[in-house]
Amino acid sequence: MTVPFFPPDLFEDDRQQLMDLVHDIGTAPEQRFLLGEHTARFEEALRDSLGAADVVACSSGTSALTLVLHAMGIGPGDEVVVPAYGCAPLANTVAGLRATPVFADIDPWTIVADPDQVERSITDRTRAIMPAHMFSVMADMPRMSEIARRHGVRLVEDSAVAQGGVLDGRPAGTWGEAGVFSFVQVKTFGTAGEGGAVVTMNPELARTVRSLRNHGQRERFVYPRTGYNSRFDEVLAAFQLHRLRGFPDLLERRARIADHYTERFTPLAERGVLPPPPGRNGRCFYVYSLLVEERDELKRYLADRGIESHVYYPLPLPHQAAFTRFAPAGRRWPHAESASRRQLAIPVHPRLTDAQVEHIADTVCAYAGLSRSR
Ligand SMILES: *Cc1c(COP(=O)(O)O)cnc(C)c1O
């Protein structure tokens, strides 16, 4: 049995719908391919499902972060606190606005930004903190909100991987002053191309983001500010709107697989294979991520048995050549460094069969020297 990390047939159930939309939108008399009625309807559906003030669809999750930071007026001389372990957009978007990313270390188990480290990283130049939900655990947003409020800085929620996650009854994306989603293929609500969204409780910020995503335009060809091309595609908007109904089932399938893994793997903690904390509150199931003492050994063991796995982020952000200039000499991020050495992601996508899930769970347990019967 071989088990791919990403589903090889992601859009199988919706393929005909996609073909029909390409035809219908492609041959419609208005010939509108960007930011039309489908985008508007998709934004409304997301807004209503989240109880947000507004949702603005744009060209990617990365672009969504840039639009938010720019709309907040963040620029040269400003600092934004981001996790030391995570994906490049966390630092790239800040650096792209000529502001300075300041890296905060992470919690050693949940691997999201440690609130104490975030707070310690705040200076008089800090304008915003930007925690990110990571793989399967949402950041500690209640504490991040409290820290942002106490220090008078803005809170941007990088919820790119957590669409559909809920913490203390509140959906991912709605904790910060603004949150973002990514619709890149591998994300939980990934699509057949690029896309993203800004989610916000602040209608004023939403108006600025709307303008920035289309060159800073206010009305046709009137530009009160400089902006970007970050428009959203009409075919993808209609496709995502169609798929929104099935999204909860996809998430539930991911969550069930993750619940099963965590139940099977919790006893392996003393044997050098640490699963994420159990439960559903504050969880998202984008990637199921283990922390493994002999990570490369388990990766080989899985590969020999037909199971693909991925190492996300072999280096912490401040150790990446692109960002070392933002890493103050002598500062260390021991938990981020440890996660980079130990992190291994196993397949959790909703198209896995029960037999594949069992094969993966059995193989990880066998590696750790525990058989099912023990
Ligand atoms: C995927 C991702 C992004 C960027 O989304 P794109 O749509 O790929 O630009 C930003 N932040 C995090 C945490 C992500 O995982």
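Which domains each give at least three residues to the lining of the second largest pocket? I took this question to the structure, which is a predicted model, and I noted that the lining draws at least three residues from each of domain 1 (12-104 + 112-244) and domain 2 (247-373).

Entry on the second largest pocket. I read its volume as about 250 Å³, and I found 15 residues lining it, of which Ser49, Leu50, Gln163, Gly164 and Phe247 are the closest to its centre. I then looked up which elements give two or more residues to this lining, and these are helix H2 (37-50) and helix H9 (247-265). The largest share, four residues, comes from H2. When I sorted the lining of this pocket by residue class, I recorded 11 nonpolar residues and four polar ones, with no charged residue among them.

Entry on the largest pocket. I turned next to the largest pocket, which holds about 420 Å³ of space and is lined by 24 residues. Nearest its centre I listed Leu10, Arg243, Leu250, Pro350 and Arg351. Sorting the lining of the largest pocket by class gave me 13 nonpolar, five polar and six charged residues. I also checked the domains here, and I noted that the lining of the largest pocket takes at least three residues from each of domain 1 (12-104 + 112-244) and domain 2 (247-373).

Methods. Residues are numbered from 1 along each chain as its sequence is written. This is a predicted model: local features need pLDDT of at least 70, side-chain atom pairs count only at pLDDT 80 or more; totals for chains, interfaces and linings use all residues. Side-chain values use heavy atoms; hydrogens and water are left out. On a 1 Å grid over the protein atoms alone, a cavity is a set of points where a 1.4 Å probe fits but cannot get out, and a pocket is an open set with protein on both sides within 12 Å along at least five of seven lines; lining residues have an atom within 4 Å of a point. Grid points are joined across faces, edges and corners, and a volume is the space filled by probe spheres set on the points. Ala, Val, Leu, Ile, Met, Phe, Trp, Tyr, Cys and Pro count as nonpolar, Asp, Glu, Lys and Arg as charged, and the others, Gly among them, as polar. Domain bounds come from an automatic or database domain assignment.
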